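I opened my notebook and looked up a few spots, one after another. Come along and check each entry against the picture.

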Amino acid sequence: MANDMLRALAIALLSAACATGCGGGKEGGGSGGDGASSSSSGGDRGLPPGAEPCAVRDVQGTIPGVTISIESSRCVYWRGEPAEFVYTVTTDSSVPPIEIAASDGCGHCVVPSPDPRSFVTYQITGLSTAGDPQQYCLCDTGCCAPDAAATVQVDATAATHTISWSGRQWSGPSDTDNPEDEFFAPGTYDVEVTFDGQEQGSVTAKLPIEIVR
């Protein structure tokens, strides 16, 4: 009987404690969830100031019949934000035949063809606000077979390609599957697209972009 009375008293005391303490713990958990939600939304900062569509169009160079345009939905990005840039290389019938020189060592890893994009390279490059060089490109693709001598006549066409950029630094996979590096630091950079006609000339278009913190 005494044991039953003690058990009933303990249950009553525990119920009283939960009426004030247990409910408070639940609210604390709810606050933690709200905090996580707030942190998540805080990471979504929206568009940075000055973000608007931008482009450079019909840039010419030293090879006749070739122009390059680059455009993007905007050219101001938060640090660590991915971006896309669309370039169009336009060629007409006045483009001269392009003479490909044979190489003794590693080749370019791209077989030249009538598609003008086979002569195009691109990079994102420049100095950060602190003066540190930053670069993203497919500069190092490893060692491919030597280039064979050839003469190529590109098509008269408008060929488009989308550059999908993670926002990070990189020089290419090389032969060792190099991973991408750190995000670009805040600064002003150029998206450079080059049509390399070798001895026949070249065209380089540059679209300025800005990375902000």
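Entry 1: I began with Ile68, which stands opposite Val89 in β4. Here strands (DSSP runs of E, at least two residues) are numbered from the N terminus. I noted that the model is a predicted one, where local features need pLDDT of at least 70, side-chain atom pairs count only at pLDDT 80 or more, and totals for chains, interfaces and linings use all residues. Residues are numbered from 1 along each chain as its sequence is written, and side-chain values use heavy atoms, with hydrogens and water left out.

I then looked at the pairing itself, which takes at least two DSSP bridges between two strands. β2 pairs with strand β4 (residues 83-91) in the antiparallel sense, over six bridges. β2 also pairs with β1, again in the antiparallel sense, and this time over four bridges; β2 spans residues 66-72. One bridge I could point to joins Ala55 to its partner Glu71 in β2.

How much of β2 is buried? I found six of its seven residues buried, so I wrote the strand down as mostly covered. Buried means under 20% relative accessible area, exposed means over 50%, and partly exposed is in between (1.4 Å probe, protein chains only).

**Entry 2: positive phi values.** I followed the hairpin of β1 and β2, which has six residues between the strands, and there Gly65 takes a positive phi near 80°. Asp58 sits in strand β1, residues 54-59. Its phi is near 55°, a positive value in a residue other than glycine. Asp58 is exposed, at a relative accessible area of 52%. I found another such case in Ser174, a residue other than glycine with a positive phi near 55°. Ser174 lies in the loop between β9 (157-165) and β10 (187-196).

**Entry 3: disulfides.** How many disulfides does the structure hold? I counted four, taking a disulfide as a pair of cysteine sulfur atoms within 2.5 Å. I looked up three of these links, listed here.

- Cys54 and Cys75 form a disulfide with their sulfur atoms 1.8 Å apart. The link of Cys54 and Cys75 is right-handed, with 75° about the S-S bond. Cys54 lies in strand β1 and Cys75 in the loop between β2 and β3 (76-78), so the pair ties together parts that are 21 residues apart in sequence. Cys75 is buried, at a relative accessible area of 9%.
- Cys106 is joined to Cys143 by a disulfide, S to S 1.8 Å. This link of Cys106 and Cys143 is left-handed, with -95° about the S-S bond. Cys106 is in the loop between β5 (98-100) and β6 (120-128) and Cys143 in the loop between β7 and β8, so parts 37 residues apart in sequence are tied together by the pair. Cys106 counts as partly exposed at 45% relative accessibility, and Cys143 is partly exposed with a relative accessible area of 47%.
- Cys137 is joined to Cys139 by a disulfide, S to S 1.9 Å. The link of Cys137 and Cys139 is left-handed, with -130° about the S-S bond. Cys137 counts as buried at 0% relative accessibility, whereas Cys139 counts as exposed at 52%.

Entry 4: Next I went to Asp147, in the loop between β7 (133-137) and β8 (150-152).

What I did find is a polar contact of 2.4 Å between the side chains of Asp147 and His108. That term means a pair of N or O atoms within 3.5 Å; within protein, one must be able to donate a hydrogen and the other to accept it, and residues adjacent in sequence count only if both atoms are side-chain atoms. Not counting residues up to four places away in sequence, Asp147 touches Ala101, Ala102, Ser103, Gly107 and His108, with contact meaning heavy atoms within 4.5 Å.

**Entry 5: a glutamine to end on.** Gln134 has its place in strand β7 and is buried, at a relative accessible area of 7%. Leaving aside neighbours within four places in sequence, I found Gln134 in contact with residues including Ile124, Phe183, Phe184 and Tyr189.
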